[in-house]
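Open the structure in your viewer and have the selection tool ready. We will go from stop to stop together.

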Amino acid sequence: MTSSTVMNYDIENDDSFTQPVGRWSVLYYGSGHMLNDITAACWFTYLLLFLTDIGLSPRGAAAVMLSGQIADGFATIFIGELIDRFGHFKIWHGAGSVLVAVSFSSVFGGCMPCRILSTSTLKVETISYCVFAAIFNVGWAATQVAHMSMVNCITLNSTSRVVLTSCRNAFTMVANLSLYAIAFIVFSVSTAKTHADLENQYRWIAYSSIFIGCCFVGIFLSRTEEPRSCDRNVILFNMEAKEPLTFRWFSWAQAYLAFYVINDLRMGQSAKALVPAIIYICSFIVSILLQEMAWTGQRLKAYYSAGGILWVFCGAGILILPMNMSAFMYVLAIFVGIANALMMVTGISMQNVLVGEDLSGCAFVCGTLSFLDKMSCGIAVYVLQSYQSMSPTVLDNNSSITSLTVLDNNSLISTSYISVTRFGLGLIPAICSLVSVAVTCTMKLHTPYSKPLVEPLLQ
């Protein structure tokens, strides 16, 4: 029997490692991704809108996001491998959080190189935002991979792994709701008449988000114990296991949500915060409820499939929703939130089930799977933005056009470009969810150590 086999045998037979995780440990762990989540919510909801509002072209704005996604995608693989080799999850988490806080403030805080070089050309602005976007996403990847892979080294109990993931997702909802509450207040109390006013709005949102996120990072680092070291000599992951297509098409859908409610449905400015807030309130509630269930492989697949099918119907609704029925978007937002929670909690939990007791490469597995997430999202946004037309177009009431002007004869003319947000927000996520459900149904999942929680999270 080799040393790696002995270590795995000891871990599997260590009763403390297979016992359910306590409530407070779950809560402390879940708080660790708050900084990542609140900055990501701002990033994917407002980055494209912010960059185009301050003067960047749609393709230039998409290039900024793509540069970040590419950096994030490659960083997840390398950082995952380094974490597996050297361990120290909390050090990687803390270092990544520092990079996130510094670079995020540099993106939404305005073009720093422009002020240093006393120039504000579009080329310098675009390059500056691309560089800081890359730094932000490298830090984000370090924090994400360290935090996500910790689940597998904290416990072998499959139900506790789902609970930890569900709590993490619940804090994601808290982060998003906090972001949209901040944005709602900022957009309501201040009016942006110039580029400087606009940058001030987003600067307040960014700095407030960083402060809240850093407070929770401090709680996580001070109250969560470093997980035990995992054996580095075991095969990284089972090549026969098939991973569901759970990459975050939510990310590019979220990137177009603000465009959709303002430009396609022509709702009020407050809708930029209210619609996403409804989505995340519903996701938060569902995530909390999912923590109270005892999980098996079949149940994970069933709930994931239910969320995917629900998203198909939501995507169809988003695609065909006419402007004169824009209020129905609030109803759609409820079902989108439910579908998101069902798919995210169970999708990540299936990833943890596939890792199983082979803990040596858990961070590398998370990083490798995340690579598909980041690259697909960045490329999708860039392609969609590249197809925006700059030619004026006459509109009817159901058209999806941005930057409208009312002429003397009351006809509506586009002064900017044809919107593709309906496809980016509705059609593509619906197709992705349908494919992922089909793949999930073919998977074989085994869930050992499926014991209930010591204490329920809801009293």
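The tour below starts with confidence, then visits a helix and a group of rings.

This is a predicted model, in which local features need pLDDT of at least 70 and side-chain atom pairs count only at pLDDT 80 or more, while totals for chains, interfaces and linings use all residues. Residues are numbered from 1 along each chain as its sequence is written, and side-chain values use heavy atoms, leaving out hydrogens and water.

Begin by colouring by pLDDT, the predictor's confidence in each residue, from 0 to 100. The chain's mean is 76, and 74% of its residues reach 70 or more. Now select residues 231-249, where pLDDT stays under 50, and then residues 389-418, where pLDDT also stays under 50. Where pLDDT is low, the predicted coordinates should not be read in detail.

Next, select residues 34-53, helix α4 (helices are DSSP runs of H or I, at least four residues, numbered from the N terminus). Of the 20 residues in α4, 19 are buried, so this helix is largely enclosed by the rest of the structure; buried means under 20% relative accessible area, with a 1.4 Å probe and protein chains only. Just after α4, look for G55, with a positive phi of about 120°.

Now show the rings of W43, Y46, F50, F104, F108, Y129, F136, Y180, F187, Y202 and Y280, which ring pairs link into a cluster. Rings of Phe, Tyr and Trp (its six-membered ring) pair if their centres lie within 6.5 Å.

Finally, which residues of this cluster are buried? Zoom in on Y180, buried at 2% relative accessibility, and on Y280, buried at 11%.

Key
Contact means heavy atoms within 4.5 Å. Buried means under 20% relative accessible area, exposed over 50%, partly exposed in between (1.4 Å probe, protein chains only). Rings of Phe, Tyr and Trp (its six-membered ring) pair if their centres lie within 6.5 Å; planes under 30 degrees apart count as stacked, over 60 as edge-to-face and the rest as tilted. Helices (H or I, at least four residues) and strands (E, at least two) are DSSP runs, numbered from the N terminus. The expected span of a helix is 1.5 Å times one less than its number of residues.
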